[in-house]
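Trainee: I'd like to learn how to read pockets, cavities and cores in a protein model. Could you walk me through one?

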Amino acid sequence: MKKLFVPKNKTLYFLCYTFLFSLFSLLVFSHFREVNASFVWQTDGLNQHYNAMLYYGRYLRICLSNVRSFLREGFPMWDFSLGLGGDIISALYNAGMGSPINLLAAFFSIENSDLFYSFIILSRLFLGGITFSCFALGHGASRTGTLVASMVYCFNSYTMILGLMDPSFLIPFVYYPLVLLGIDRIIERKGPAVFVISSSFVAFSNIHFFYILLILSGTYFCYRSVSVITWGFTKKPERKAALKDFLSFFARFLLSCFTVFLISAVLLFQSFGTNSPKLELGAMGADSPLYSLNYYLQLPTSFMNMENPGSGTFFGYGALGLLCLVIVFVVARARTRGIRFLFCLLTVLLSIPFLGIFTDGLSQRINIWLPAYSLCMGMMVSYAIGDLIIIKDREKRRVIYICFIYGFLCIMTFLSRTARTFASLMLLFLLCTGVVLWKRRQLSFDLWGRAFKIPSHILIGIVGISFLLLGTGSQAWLNYSVDSHSWVEEFVPMYESGEILTDRNADSLLENRGTWGSFASLEGRGDFYRIDESALNIPINSGLQRGVYTNSHDFPAVSKGHREFIDSLYLNTARNFEFNGFDGRAALEGITGVRHFLAYPDWGNPIPYPYSQSASGDTPLGKVVRYSSDKALSLGFSPDGAISRGDFDRLSVTDKERALTKAVVLEDRDFEDMDLPALSLTEGGEKVAIDSWTCRGNAAVSDNGFWIGNEGEISFSIETEGDRDSYLVIENLNFRGIKKRRTYNRASWKNLTDYQRTKTRIEDLFFVEETDSAIEVAVSGRKKTIEVLTPKSKDYCDRHDFALNLGDLGQGLSEVVLTFKEEGIYSFDSFSIESISHAEIAEGLAEEKKHEMTNVQIARNRVSGRVSFDKPRILVLSIPYAEGWRAYVDGEETRIMVADIAFMSIAIGEGDHTIDLFYETPMLGAGFRLSILGVLLLALICLVPFIRRKYKG
């Protein structure tokens with residue numbers, strides 16, 4: 001391998017790169033400055049990534065300011081502000097906070113966090129171009145070609161869209177070139193340090209990206225070792241020597257990978273130990289062997305544009321990128337043989353859904369491994385720029401023919417005729433004209449009486465950069481500019497993100513509010529409660545910044561019990577990692593200790609039972625009312641009975657809620673081991689008869705589904721009683737979109753004009769099934785929504801059972817109106833209205849409240865309290881079950897059991913007892929020791945060559 005840089009040109013290259021990066025950044029991101037928008041996306045950016053960064057910065061500052069006490073008592077590992085409670089390290093790790101650059105968050109206050117958030121994105125883009133340059137120059141690319149290619153690598157659709165939506169997506173963009181460069185060094189016997197250190201940084205940053213790295217690095221190692229060793233070897237002795245070399249390379253590669261696992265064990269081990277790995281969150285497979293036809297039709301044009309044909313496939317390499325791709329395949333040089341093979345392999349991954357999902361770790365249907373594709377394209381551009389100097393006339397003709405065929409197909413494809421496509425095709429046409437006119441010569445000119453000459457490779461670089469500026473600038477303008485349908489509107493205004501998370505709330509209505517999170521003792525508060533603020537217009541995870549305990553969650557780290565709890569109780573959320581309250585279901589609010597419900601005075605839905613107004617006042621959100629419940633239980637309580645998990649799962653959803661207020665749900669093995677009275681559940685949950693079905697527009701009702709066409713709407717009537725909550729229960733709900741023509745009946749089709757009919761037929765020709773829909777349920781002036789995801793949705797979690805709380809409808813006849821977001825077929829196994837008595841829920845909660853834990857104290861990684869029982873009982877704790885908890889009764893350790901599917905319980909005898917619970921992130925200590933061993937092993941591996949040379953000398 002050639003040296004990366006000639007010393008005298010090293011500084012000049014970096015200066016040129018820095019200047020071009022600054023120029024492109026100003027061109028692309030000036031639209032954000034124009035409307036004073038930050039880089040914080042209003043959805044996931046505000047709720048998750050920016051929120052996690054603020055949390056991480058404050059966590060680091062608290063840890064640094066209390067190092068002495070933390071060395072004695074340990075670092076904070078559990079926080080009840082994470083949903084119903086969660087492991088801090090696991091949550092931050094899954095949010096990508098393990099990246100070393102995020103450590104700087106400790107030095108930025110919340111007022112300057114928007115700037116730091118922007119700094120993270122821009123610095124990762126900048127460093128990504130630097131690492132790519134090292135890789136490209138190390139593989140013999142010219143400096144001019146590498147400079148142009150680095151801009152293609154830094155500014156494409158992946159970085160300009162996904163990189164802004166989630167800055168952690170830029171982590172592999174920075175490290176993958178270094179990882180591959182490290183593999184090259186291993187094969188060339190130059191040491192594993194580059195590979196081990198860069199791979200360890202990826203492992204520290206995010207386990208999902210580390211999984212993708214394993215596949216990428218393994219594939220690249222096989223390709224590089226085989227191509228280096230066996231290329232041109234035909235004689236038998238040479239093949240034997242090649243096999244010996246391959247085994248040597250493979251042994252060094254395995255040793256390097258083992259060292260990476262050791263070094264990163266401190267975070268990798270805890271990720272699996274906390275039962276919340278990212279790899280379990282999304283769809284576990286593809287529902288069809290191929291993508292839709294539209295995906296394949298849009299894939300070629302999206303190569304130049306900032307468009308997404310589906311599954312998060314973002315290219316946007318511009319007209320220059322396409323031209324360079326064609327040149328590499330037409331001008332088939334020996335040195336580009338490997339890059340052409342890798343390009344074809346990666347394109348196959350984009351063409352088959354299962355391969356893409358497997359590469360992404362069986363998680364969301366987003367091709368976030370695309371930095372590898374960008375790396376491949378960058379190498380093609382760096383090689384093609386050099387080939388432009390020596391391209392022959394017949395090769396020029398082939399390039400022009402292919403580009404014109406490509407442009408013709410883009411124009412002929414209905415979905416590709418967009419402003420972005422035409423802008424890119426215009427630049428492609430100009431580039432093709434330049435290729436035709438290009439002659440290999442220097443450009444000479446006189447300036448102020450002096451003669452200057454610009455060499456051919458410099459001239460090509462200037463032209464390439466100019467066209468890149470035009471292409472990237474036009475795509476950014478079409479995507480970001482206020483003159484178009486601006487995406488920038490979805491970003492939070494500058495310097496307002498921190499204010500939204502910390503100040504725009506109704507916390508002034510809460511009493512005895514504790515200090516920030518679980519990092520400091522809350523002994524002065526003397527009790528424990530959660531709040532439900534799902535009715536307020538605030539980010540779901542903002543409780544992290546305010547030190548309050550909510551019953552909402554929107555972070556990727558969730559436990560198996562959490563997912564099973566959602567599934568079993570039919571909670572109205574289509575995603576595992578997101579829920580915003582318990583939909584006002586009294587039993588669930590009560591057993592999880594939700595004391596206060598906050599809402600606006602004009603909130604359309606009814607206040608859930610059994611909350612009543614206790615306070616109101618003006619807040620930064622406007623007028624807000626606090627509703628309180630004296631039925632909410634403490635952090636620990638003891639029901640009178642018990643029920644096995646198997647028997648519980650066979651109950652209806654309303655009977656399950658009734659059971660939770662009367663008994664503890666134990667796993668079947670624990671239930672058999674405990675001598676407890678079994679729950680005898682009498683009839684209480686009632687089904688409400690549905691009659692008077694009415695269809696409006698193009699709609700039809702059957703026993704197992706709805707057919708919804710153009711302007712279709714369905715309503716029905718129910719007769720309800722007072723003092724009961726009514727639930728709309730749908731089991732195995734599925735949605736399938738239909739073509740536009742099928743949404744019209746014969747009469748409505750005849751009413752369309754010829755133009756409208758023709759347009760409908762063309763749309764049906766390129767029909768793509770919707771990946772999600774929603775059903776809006778309106779009754780008695782209130783509205784609620786059920787979201788339905790199909791297996792093709794990126795967030796699909798195999799959830800099809802829903803129970804929607806309609807509240808107390810009073811006594812009499814009520815009309816329920818169903819409005820559908822998308823036209824199509826909504827199928828289900830059962831559709832019913834069930835009701836549950838307020839009095840029964842209140843009675844059950846009152847009985848459990850008689851035996852609740854008192855004097856609850858929450859400190860760092862510790863919960864304590866007291867109980868007094870008249871007989872042996874099971875104490876249920878509304879703390880999510882996690883392996884790291886240890887429980888002590890009067891100083892003696894006792895076994896923790898899973899209770900109520902997702903929570904914890906312990907068996908306690910008769911009398912007065914002191915309860916102490918301690919938490920430590922599972923396997924963190926063992927992982928830390930292994931990481932120290934890995935660092936020592938890396939040092940030893942790096943020292944061996946020096947010791948060997950010294951010994952030989």
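Predicted model: local features only at pLDDT ≥ 70, side-chain atom pairs only at ≥ 80, totals over all residues.

Trainee: What volume does the second largest pocket have, and which residues lie nearest its centre?

Mentor: On a 1 Å grid over the protein atoms alone, a pocket is an open set of points with protein on both sides within 12 Å along at least five of seven lines, a cavity is a set where a 1.4 Å probe fits but cannot get out, and lining residues have an atom within 4 Å of a point. Points are joined across faces, edges and corners, and a volume is the space filled by probe spheres set on them. Here the second largest pocket has about 1,100 Å³. Its lining has 38 residues, with Tyr59, Phe75, Ile89, Val266 and Leu924 nearest the centre. Elements giving two or more residues to that lining include helix H2 (44-65), helix H9 (193-205) and helix H31 (924-952). H31 gives the largest share, seven residues. Helices (H or I, at least four residues) and strands (E, at least two) are DSSP runs, numbered from the N terminus.

Trainee: How is the lining of that pocket split by class?

Mentor: Ala, Val, Leu, Ile, Met, Phe, Trp, Tyr, Cys and Pro count as nonpolar, Asp, Glu, Lys and Arg as charged, and the others, Gly among them, as polar. This pocket's lining has 26 nonpolar, six polar and six charged residues.

Trainee: And how many cavities of 30 Å³ or more are there?

Mentor: The count is 10. The largest cavity has a volume of about 380 Å³; 28 residues line it, and Gly85, Gly86, Val558, Ser559 and Pro880 lie nearest its centre. Its lining has 18 nonpolar, nine polar and one charged residues. The second largest cavity comes to about 140 Å³. Of its 18 lining residues, Gly316, Tyr317, Gly318, Gly471 and Thr472 are the closest to its centre. Helix H20 (456-480) is one of the elements supplying at least two lining residues there, and its five residues are the largest share.

Trainee: Which residues touch the most other members of the largest nonpolar core?

Mentor: A nonpolar core is a set of buried Ala, Val, Leu, Ile, Met, Phe, Trp, Tyr and Cys residues joined through side-chain atoms within 4.5 Å. Buried means under 20% relative accessible area, with a 1.4 Å probe and protein chains only. In this core of 189 residues, they are Tyr373, Tyr480 and Trp885. Helix H17 (residues 370-390) gives the largest share, 14 residues. Contact means heavy atoms within 4.5 Å; beyond its neighbours within four places in sequence, Trp885 contacts residues including Trp78, Met904 and Phe918.

Trainee: Why does Ile212 count as buried?

Mentor: Ile212, in helix H10 (residues 207-230), counts as buried because its relative accessibility is 2%. Its C-alpha atom is separated by 6.3 Å from that of Asp360, 148 residues apart along the chain.

Trainee: What span should H9 have?

Mentor: The expected span is 1.5 Å times one less than the number of residues. The 13 residues of H9 should therefore span 18 Å, and the end C-alpha atoms are 18 Å apart, which agrees. Buried residues of H9 include Phe195, Val196 and Val202.

Conventions:
Residues numbered from 1 in each chain as written. Heavy atoms only, no water. Buried < 20%, exposed > 50% of the residue type's maximum accessible area, 1.4 Å probe, protein only.
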